[in-house]
Amino acid sequence: MTTQLSTLSALSPLDGRYASKTDALRPWLSEAAFMKQRVQVEVHWLIALSQAKLADFPSFSPAAEAVLLKLVADFSYQDAQRIKEIESVTNHDVKAVEYWMKEKVVSHAELEKASEFIHFACTSEDINNTSHGLMLKGARQEVILPKLQIGRAHV
């Protein structure tokens with residue numbers, strides 16, 4: 001049997017018959033959203049390390065911090081695709097995010113020098129668990145609670 005994407009072949013009704021009802025959750029709960037949240041966690045961890053006054057880890061300039069924060073703000077579908085390409089080689093999702101970040105800072109001398117500290121002292125679970133929490137918080141705040149408020153207005 002040839003499988004094509006349809007409501008019959010979806011892995012769950014959420015992507016099948018209820019897809020139109022759950023579309024607003026995709027920016028928060030999709031794999032691409034998970035990647036973006038991982039990038040956010042890694043970026044903020046790296047900035048925190050730079051502010052911790054560790055030996056051999058200089059504090060970042062405001063410009064360097066802005067470059068890192070822009071990685072999150074400007075995260076795109078193409079960025080998610082690139083991470084998947086890297087993952088196809090590494091066979092490790094969080095390592096792929098780390099390598100993607102290293103690619104992104106290679107043209108910024110200050111950040112390139114500190115790039116070996118991306119993911120420093122973290123486990124994949126540190127990144128994933130925090131990212132899942134951010135995803136759920138965003139979905140709740142931006143999609144679910146507003147929908148519940150609209151529902152109350154009509155009661």
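At 40% relative accessibility, D23 counts as partly exposed, a class that lies between buried (under 20% relative accessible area) and exposed (over 50%), judged with a 1.4 Å probe and protein chains only. R26 is also partly exposed, at 36% relative accessibility. The side chains of D23 and R26 meet in a salt bridge, with N and O 2.9 Å apart. A salt bridge here is a side-chain nitrogen of Lys or Arg within 4 Å of a carboxyl oxygen of Asp or Glu. Side chains of opposite charge can pair when their charged atoms come close.

The model is predicted: local features need pLDDT of at least 70, side-chain atom pairs count only at pLDDT 80 or more, and totals for chains, interfaces and linings use all residues. Residues are numbered from 1 along each chain as its sequence is written, and side-chain values use heavy atoms, with hydrogens and water left out.

The protein as a whole has eight helices and zero strands. Helices (H or I, at least four residues) and strands (E, at least two) are DSSP runs, numbered from the N terminus. The C-alpha trace spans about 55 × 45 × 25 Å along its principal axes. Of the 155 residues in the protein, 34% are buried.

Charge comes next. The protein carries 17 positive and 19 negative side chains, and the centres of the two sets lie 9 Å apart. Lys and Arg count as positive and Asp and Glu as negative, while His and the chain ends are not counted. The place of a charge is taken as NZ of Lys, CZ of Arg, CG of Asp or CD of Glu. The count of salt bridges comes to 12.

R82 takes part in two of the pairings described here. One is with E85, where the N to O distance is 3.0 Å. Because E85 and R82 are three residues apart in helix α5 (residues 77–90), about one helical turn separates them. E85 is partly exposed, with a relative accessible area of 44%, and R82 is partly exposed at 31%. The other partner of R82 is E103, the closest N and O atoms being 2.5 Å apart. R82 lies in helix α5 and E103 in helix α6 (residues 93–105), so this pair ties together parts that are 21 residues apart in sequence. E103 has a relative accessible area of 36% and is partly exposed.

Salt bridges that share partners also join K95, E98, K102 and E116 into one network. Of these, E98 is found in helix α6. Is E98 buried or exposed? At 6% relative accessibility, E98 counts as buried. Leaving aside residues up to four places away in sequence, E98 touches I118 and H119.

V39 is another buried residue, with a relative accessible area of 0%, and lies in helix α3 (residues 31–51). Which residues does V39 touch, not counting those up to four places away in sequence? They are L71, V72, F75, I83, V97, W100 and M101. E65 is 26 residues from V39 along the chain, and their C-alpha atoms are separated by 14 Å.

How values were computed: Contact = heavy atoms within 4.5 Å.
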